[in-house]
Amino acid sequence: MITMISANLLLYLIALLIGVVTAFWIWAATGREASAVDNFDANDDLLEKAGEPVPPAEAYPTPPPPAAVKESAPSPTPEPTVVPAAAAPEAAVKPAETQEPETTETATPAANNPKIPAAVGEPDNLRLIKGVGPKLNKLLISLGVTRFDQIADWKEAEITEVDQYLDTFSGRITRDAWIDQSKFLAKDDIAGFEKKYGKL
């Protein structure tokens with residue numbers, strides 16, 4: 001068997017080369033069609049819209065059937081549509097002073113936040129703390145943790161209280177020494193911070 005392979009090695013290599021070239025040619029001919037994956041655009045805002053509720057089908061206007069379209073010239077001014085008072089929405093019937101103003105969502109802490117002293121003053125950039133990235137920063141802000149001096153004053157009770165809300169980031173407060181880092185940052189001791197924890 002080995003003698004047969006060694007005697008015909010050149011023929012086997014040529015057959016292998018022909019097979020690879022043929023497979024590549026078939027792949028190139030059929031694999032060039034654009035697929036949905038190739039046309040994916042991360043900037044098309046569909047990901048942000050994924051969490052929004054889908055309106056019911058009645059909310060979309062339906063086009064008139066082709067037979068109902070008139071072939072006359074368009075009028076220069078559109079005719080106003082008169083809505084009977086009984087068909088008007090309830091919000092339009094209320095006087096202007098009794099309508100409730102729309103509320104906007106703010107970054108105020110929710111009711112199920114840790115029981116820790118509230119931050120006083122303008123929020124600090126918590127991402128300066130080594131070990132706090134964008135996701136953890138967003139989570140801390142949602143929990144009402146926004147200042148270095150707030151973190152620097154934490155004792156064991158506050159650490160335990162906040163740690164239970166950190167989900168996958170649990171244990172990072174002590175492991176990354178947030179309290180000590182925050183003491184430096186709250187005093188604006190950048191030189192002392194960089195000497196101990198590295199460059200900001």
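I started with D167, which sits in the loop between α7 and α8 (172–175). This is a predicted model, so I am reading computed values throughout. Phi of D167 is near 50°, a positive value in a residue that is not glycine. I noted that most residues other than glycine have a negative phi. I then looked up the accessibility of D167: the residue is exposed, at a relative accessible area of 60%.

Next I went to A177, in the loop between α8 and α9. Here too phi is positive for a non-glycine residue, near 55°. A177 is partly exposed, with a relative accessible area of 23%.

Then I turned to the core. The largest nonpolar core holds 21 residues, and I129, L140, I151, W154, L166, I173 and W178 have the most contacts inside it. Two or more residues come from each of α5 (134–142), α6 (148–152), α7 (156–163) and α9. Of these, α9 gives the most, with four residues.

Last, I followed α9 to its partner. Helix α9 (residues 178–186) packs against helix α10 (residues 190–197) at about 150°, with the axes 7 Å apart. Since angles over 145 degrees count as roughly antiparallel, that is the label for α9 and α10. The crossing is left-handed. From α9, D180, Q181, F184 and L185 make the contact, meeting I190, G192, F193, K196 and Y197 of α10. By class, I logged five nonpolar, two polar and two charged residues in this contact.

Terms used. Residues numbered from 1 in each chain as written. Predicted model: local features only at pLDDT ≥ 70, side-chain atom pairs only at ≥ 80, totals over all residues. Heavy atoms only, no water. Axes fitted to C-alpha atoms, helices over the stretch in contact; angles between N-to-C directions. Parallel < 35°, antiparallel > 145°, perpendicular 65-115°, else oblique. Left-handed = near helix turned anticlockwise from the far one by under 90°. Contact = heavy atoms within 4.5 Å. Nonpolar A, V, L, I, M, F, W, Y, C, P; charged D, E, K, R; others polar. Core = buried A, V, L, I, M, F, W, Y, C linked by side-chain atoms within 4.5 Å. Buried < 20%, exposed > 50% of the residue type's maximum accessible area, 1.4 Å probe, protein only.
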